[in-house]
Amino acid sequence: MAKKKLILDFDPGLDDISASLMLFNNCDKVSVELLTVSGGNVDIKYSLNNALLLAEKFCPYQVEVAAGANSPLDGTERINAGDVHGETGIGSTLKIKKPKKKALTIAADEALFEKLNLSKQKLCILAIGPLTNVALLLRKHPEIRKKIGAIVCMGGAIDGEGNYTPYAEYNFLWDADAAKEVIESGVKFILCPIEIAHRTPITKRELSRFYTSDERGKLLKAMFENASDPNIRFGFAFHDSCAAAFVIKPSLFTCQKCNIEIVVNKKKKEHAQTFCHYNKKGKNYVIYPKNNGKLKKFILENTFKG
């Protein structure tokens, strides 16, 4: 079976880093062709540093990194999740040396365009941060849509409360305009909503067995030992790892056609609230795990192994 080729667009905080480790651990099944980063969980300078660190230390092959948006499309002030991810996105107890690896000199949206345009096959974009970079790509180069196989996105709260407001999930709230544009772009859009991870939480005790003395173990310990997830009482919701799991092993999930709607009105408390209208003729897709326990087992076995 041929490897799936994808681009990872993310804002590396705790769960983004975990998702990237899962992808790198499954290099026999998926190949990450490019890492593009945005602000989101933390400021872009930390997102970029974390992505370079991951590419340098944990990716078993060479992958390029490009920095992108640090604010939403409308230029308004960005929100921040440093209270969950730490100021740097890797908790607050690990001193990180500056990576030797350098980022590309072009912006993320142009790096996305170049990688897609030069590819002989359609590529999947796994978008697990705000959708600003992808929206900028589609604004500037609408013709590139034909080179995108699918956009698999972690975002939105469909069947429950948001994780930042009672209505909104963080990535979509960070840039609701970008989310709306990408959802309605005509590109195959597959949504992994946050409630999947809320139903498959991983406890601190389960994580602690991976706190080994090597670089990976030290990183995981720094990330999770003293961190807390305000939405999960005894552990963490690995939102982004759920989306990565779908890309690696889609048979773990059901995939339903629907039309996804997002509220874009900053004057309303429902701003960035997401609705899924199930329809066999729908233009979008939403995924749910067939078995929560099997998904959790897959995440544990594939994210944290050395």
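Guide: Axes here are lines fitted to C-alpha atoms, for helices over the stretch in contact, and angles between N-to-C directions run from 0 to 180 degrees. Keep in mind that this is a predicted model.

Visitor: Thanks! How are two packed helices described?

Guide: By the angle between their axes and the distance between the axes. Take helix 5, residues 132–140, and helix 7, residues 176–183: they pack at about 55°, and their axes lie 8 Å apart. Helix 5 is therefore oblique to helix 7.

Visitor: Is the crossing of helix 5 and helix 7 left-handed or right-handed?

Guide: Helix 5 passes helix 7 in a left-handed crossing.

Visitor: And which residues of helix 5 and helix 7 meet?

Guide: From helix 5 come Thr132, Val134, Ala135, Leu138 and Arg139, which meet Ala178, Glu181 and Val182 of helix 7. Sorted by class, the contact of helix 5 with helix 7 holds five nonpolar residues, one polar and two charged.

Visitor: Which residues meet in helix 1 and helix 11?

Guide: Helix 1 brings Asp15, Asp16, Ser18, Ala19, Met22 and Leu23 to the contact, and helix 11 brings His239, Asp240, Ser241, Ala244, Ala245 and Ile248. The classes in the contact of helix 1 with helix 11 are six nonpolar, three polar and three charged.

Conventions: Residues are numbered from 1 along each chain as its sequence is written. This is a predicted model: local features need pLDDT of at least 70, side-chain atom pairs count only at pLDDT 80 or more; totals for chains, interfaces and linings use all residues. Side-chain values use heavy atoms; hydrogens and water are left out. Helices (H or I, at least four residues) and strands (E, at least two) are DSSP runs, numbered from the N terminus. Angles under 35 degrees count as roughly parallel, over 145 as roughly antiparallel, 65 to 115 as roughly perpendicular and the rest as oblique. A crossing is left-handed if the near helix is turned anticlockwise from the far one by less than a right angle, and right-handed if clockwise. Contact means heavy atoms within 4.5 Å. Ala, Val, Leu, Ile, Met, Phe, Trp, Tyr, Cys and Pro count as nonpolar, Asp, Glu, Lys and Arg as charged, and the others, Gly among them, as polar.
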